[in-house]
Amino acid sequence: MSTVADSNNTAPRFNGPASSIAADIAERFASDIDVEPGDLVKIGGSYDVTKTVSSLDYDVFGVVSTNPAYMMNDSLGNGAKFPFIALAGRVPVKVIGPVTKGQRLVSSNTPGVAKAIDNSQVTGSYVAVFGRALESSTESGIKLINVVVGTK
């Protein structure tokens, strides 16, 4: 694989396949509050994003990434108020309650935390779905589980 700069010399373009040990595509956004990896965010607040705070939030946007493979808008800033938000791919997400591999995930009433919904709930909640669980857990509390973001 070789890389070349674009005509403005600002972004690499790949000539051939690229690979990474990381697993998500993320972009840096400004947050109105400090966030941490695994937090579920929505569009809103006084900047670009803020934590979700209500169940089935239709403004759900993405998840704070732990280790993005591709980092867009990197020069925006850094720290807890300028997180990389996973927009697609595999990423750990904070989830409350039991979850079964393959279940669709939406925001919960716990700030920045997702919950699983059953197939019978999906029809009226489809817009609020941000991803699907890649693992199961019977724990009722908050835990990190791997999720594929951007898949309904």
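Guide: A nonpolar core is a set of buried Ala, Val, Leu, Ile, Met, Phe, Trp, Tyr and Cys residues joined through side-chain atoms within 4.5 Å, and buried here means under 20% relative accessible area. In this predicted model, the largest nonpolar core has 16 residues, and those that touch the most other members are Val63, Val93, Val95, Val99, Leu105, Phe130 and Val147.

Visitor: Which strands each supply at least two residues of this core?

Guide: They are E6, E8 (84-96), E10 (114-117) and E12 (142-149), and E8 gives the most, with four residues. A second, separate core of six residues includes Phe29, Val41, Val49 and Val64.

Visitor: How should I read the pairing of strands, and what joins E4 to E6?

Guide: The general idea is that in a regular strand the side chains alternate between the two faces of the sheet. In this case, strand E4 (residues 40-43) runs antiparallel to strand E6 (residues 60-64), and three bridges join them, with valine 41 having glycine 62 as its bridge partner in E6. E4 also pairs in the antiparallel sense with strand E5 (residues 49-51), again over three bridges, and there isoleucine 43 has valine 49 as its partner. E4 and E5 form a hairpin with five residues between them, and glycine 44 in the turn has a positive phi of about 145 degrees.

Visitor: How many salt bridges does the structure hold, and how do I read one?

Guide: Side chains of opposite charge can pair when their charged atoms come close. The structure holds six salt bridges. In one of them, aspartate 74 meets arginine 28 at 3.2 Å, N to O; this pair links distant parts of the chain, with aspartate 74 in the loop between E7 (70-72) and E8 and arginine 28 in strand E3 (residues 24-28), 46 residues apart.

Visitor: Is arginine 28 buried or exposed?

Guide: Arginine 28 counts as buried because its relative accessibility is 9%, whereas aspartate 74, at 42%, counts as partly exposed. Another salt bridge joins the side chains of aspartate 39 and lysine 51 (3.7 Å, N to O). Aspartate 39 lies in the loop between E3 and E4 and lysine 51 in strand E5, so this pair ties together parts that are twelve residues apart in sequence. Aspartate 39 is buried, with a relative accessible area of 1%, and salt bridges that share partners join Glu36, Asp39, Lys51 and Lys94 into one network.

Conventions:
Residues are numbered from 1 along each chain as its sequence is written. This is a predicted model: local features need pLDDT of at least 70, side-chain atom pairs count only at pLDDT 80 or more; totals for chains, interfaces and linings use all residues. Side-chain values use heavy atoms; hydrogens and water are left out. Two strands pair if DSSP finds at least two bridges between them. Buried means under 20% relative accessible area, exposed over 50%, partly exposed in between (1.4 Å probe, protein chains only). A salt bridge is a side-chain nitrogen of Lys or Arg within 4 Å of a carboxyl oxygen of Asp or Glu.
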